[in-house]
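Student: I have a model open and want to go through some of the packing. Can we start with a strand pair?

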Amino acid sequence: MVPRTTITLASIVDNHLAIMQGALLQSIQDHYKSDEKIDYYLITDNLSEINKKKLCFNIHKINLIWVDINDVIPDNINLPVDKSSFPINVYARLFIPNIIAENTERTIYLDVDMVVMEDISKLWKIDMADYPVGGVLDRSRSVSCEWAGISNYKELGLAKDTGYYNTGMFIMNNRRWKAENYAQRIVDCLQENIKFSSFPINYGMNVILANQWLTLDARWNAYAMEEINEPFIIHFAGKKPIFKSYSYNQEYKTIFFKYIEKTAWKGFQPIGERRRLVKKLYNKIEKRIQHLLK
């Protein structure tokens, strides 16, 4: 059954990339042609009131639902302390079904570093059958990729051609996610294999959900560093267009700033590398402190 009444979206947003969430919201609204209601759960990680107000600017087709990250991740969950520079808040996506209305069949998760170029209702209405999750294959394609993938895939009993999916956008079957306790299983998997997880969420979800993904059209998660004709979603993975160091597809950068000009960040100019590098360092230090406190 394809749900049609209320489209349910979710993202995790902090002050560092709030501006990108603004562009994402505007892009969804601009391309939305259907008549379903949109509920968008914004999981906030110390987001300032100023940035909350900015995100509400010019948004009238989307119902924003604010949820503090501390109300998403259960208190009894011992999060893995990986050594990546990803913020700790990336783990919140695993617990999204805990905060969604009980009768909601599915949720579309979106990283904030995206813009949507197609009517989001088309993604929502894709027939998922009974798959627990749907997504787009990562650039690495399979778990055996040397520069990404799952380096210990053989020890985990995975075939070398097992698909490896990017978790920046995915559709989750809320019922199956909760019934099969995927969040806890993924956390446990990461705890046991932490030294192999350079991309922790990608790693955990691809191990626990191996061969259980519905493969979606690659245009629903098109990297800005690649050339894909008529992308449905542009994913600014890696360096973001808000930084002067952005060096990927320049047309995509122009598209991003087209949406920014409709937000409360109108007139924003790309900034230097310092802020990006400081945030990465902060993420690593925060994880190191958590490790010492365990």
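Predicted model: local features only at pLDDT ≥ 70, side-chain atom pairs only at ≥ 80, totals over all residues.

Student: How many bridges join β4 to β7, and do they run parallel or antiparallel?

Tutor: There are 5 bridges between β4 and β7 (residues 163-173), and the two run antiparallel. Strands pair if DSSP finds at least two bridges between them. Strands are DSSP runs of E with at least two residues, helices are runs of H or I with at least four, and both are numbered from the N terminus.

Student: And which way does β1 run relative to β4, parallel or antiparallel?

Tutor: Parallel: 2 bridges join β1 (residues 6-14) to β4. Leu9 stands opposite Ile108 of β4 there.

Student: Is β4 itself buried or exposed?

Tutor: Buried: 5 of the 5 residues in β4 (residues 106-110) are buried, meaning under 20% relative accessible area with a 1.4 Å probe and protein chains only; exposed is over 50%, and partly exposed lies in between. Arg106, Ile108 and Leu110 are on one side, Thr107 and Tyr109 on the other, and both faces are covered. In a regular strand the side chains alternate between the two faces of the sheet.

Student: Switching to helices. At what angle do α1 and α7 cross?

Tutor: The axes of α1 (residues 18-31) and α7 (residues 250-260) cross at roughly 85° and come within 8 Å. That makes α1 roughly perpendicular to α7, a label for angles of 65 to 115 degrees; under 35 counts as roughly parallel, over 145 as roughly antiparallel, and the rest as oblique. Axes are lines fitted to C-alpha atoms, for helices over the stretch in contact, and angles run from 0 to 180 degrees between N-to-C directions.

Student: Which residues of α7 make the contact?

Tutor: Phe256, Tyr259 and Ile260 do, against α1 residues including Ile19, Met20 and Ala23. Contact means heavy atoms within 4.5 Å.

Student: What else do the buried residues of α7 pack against?

Tutor: Besides α1, they pack against β5 (114-116), β9 (222-223) and β10 (233-235).

Student: Last one: is Asn51 buried or exposed?

Tutor: Asn51 is buried, with a relative accessible area of 10%. Asn51 sits in α2 (residues 49-56). Leaving aside neighbours within four places in sequence, Asn51 is in contact with Asn15, Ala18 and Trp265.

Methods:
Residues numbered from 1 in each chain as written. Heavy atoms only, no water.
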